[in-house]
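Subject: Handover of a structure and notes on it

Dear colleague,

Please find the structure below, together with its sequence. My notes follow it.

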Amino acid sequence: PIWPVALFIHGLGSNLQAWKKTVDSLRLHHRCIAIDLPGYGKSSSGDLPYSMSFFADAIIALVEALELEGVSLIGHSMGGQVSMHVALRKHPSIKHLALMAPAGFEQFTTEEQQWFATYVRPAFIQATSEAQIVRNFELNFHEMPDDARFMINDRLEMRADTQAYEAYSEMIPKCVQAMLQEPVFSQLDQITIPTLVIYGAEDELIPNRILHPSLTTSQVAEAGTRALGNAEHHMLASAGHFVQWEQSEKVNQLLISFFRSNP
């Protein structure tokens, strides 16, 4: 039989290991391909544009190089926004979209974009203390489980490699600016393929707690789902931003039933 393809796109500062619990389950039903975006993980880095369009180009190039068909694109956080950029290209191989705590639903004004430019800078990232790195990872979870602590260790290992950490610290602000400068919200109605949206109800990162203190994750999820042409959304309790890790069983069940009901 021809196995449907599940193509996984990680988020900001992450890598393909973000999908371990999802792949372990979906591999029984799908051909699973998790990638490191350019500049991340084991992919090559360097003086790259790190724009949403650049990442979308890379994904489409991969789909075409591997001659993939019937692709379900599954993106987390920034990877969700990248996935929406891919979907907007209307490539015939992309059949479904599954967005885990996607960036791109929350909208930012020009003044708010300037706030990010001020506070997300290479020097600030390089100066982050070990304690703050740990805290930043913990913010991705409602309650950070032990089996996710490897993410912290990986980052601290990278931090010990001056050259690698310098490249990483240069890249992250570019990715943040790219998300702000290439918004997708106003184009969501052009995405007509079946779309599944999942957020953790205790997400501490979306919406931005400093800029939008009165906005809730649920409101962000509903606004984006409404704007999309053909979407359903689920809020999962006891889960933060890394919803596919903290509530892996529920997420995997939702993914499998979503793909089955939208063949």
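In which strand does S72 lie? S72 is part of strand β3. Please bear in mind throughout that the model is a predicted one.

Leaving aside residues up to four places away in sequence, S72 touches V5, A6, L7, H96 and F259. With H96 there is also a polar contact between the side chains, at 2.9 Å.

Strand β3, which holds S72, belongs to an open sheet of six strands. Their order is β2-β1-β3-β4-β5-β6, and the pairing is parallel. At the edges are β2 (31-35) and β6, each of which pairs on one side only. From one strand to the next, the twist averages 15°.

The pairing of β1 and β2 can be followed residue by residue. Strand β1 comprises residues 5-9 and pairs with β2 in the parallel sense over five bridges. Two of the residues that S72 touches, V5 and L7, have bridge partners in β2: L7 is partnered by I33, and V5 by R31. Between β1 and β2 the chain passes through helix α1 (residues 20-26), and this β-α-β crossover is right-handed.

Two further helices deserve attention. Helix α2, formed by residues 52-65, lies across β1, β2, β3 (71-76) and β4 (94-100). The direction of α2 is at about 155° to β1.

Which residues of helix α9 are buried? In α9 (residues 217-227), they are T217, V220, A221, G224 and T225. These residues lie on the same side of α9 because they cover an arc of only 125° around the axis. Among the elements that cover the buried residues of α9 are β5 (195-200) and β6 (231-236). Of these, β6 is an edge strand of the sheet.

With kind regards

Methods: Residues are numbered from 1 along each chain as its sequence is written. This is a predicted model: local features need pLDDT of at least 70, side-chain atom pairs count only at pLDDT 80 or more; totals for chains, interfaces and linings use all residues. Side-chain values use heavy atoms; hydrogens and water are left out. Buried means under 20% relative accessible area, exposed over 50%, partly exposed in between (1.4 Å probe, protein chains only). Helices (H or I, at least four residues) and strands (E, at least two) are DSSP runs, numbered from the N terminus. The arc is that of the directions from the helix axis to the C-beta atoms. Contact means heavy atoms within 4.5 Å. Two strands pair if DSSP finds at least two bridges between them. Axes are lines fitted to C-alpha atoms, for helices over the stretch in contact, and angles run from 0 to 180 degrees between N-to-C directions. A crossover is right-handed if, with the strands pointing away from the viewer, the path from the first strand over the helix to the second runs clockwise. A polar contact is a pair of N or O atoms within 3.5 Å; within protein, one must be able to donate a hydrogen and the other to accept it, and residues adjacent in sequence count only if both atoms are side-chain atoms.
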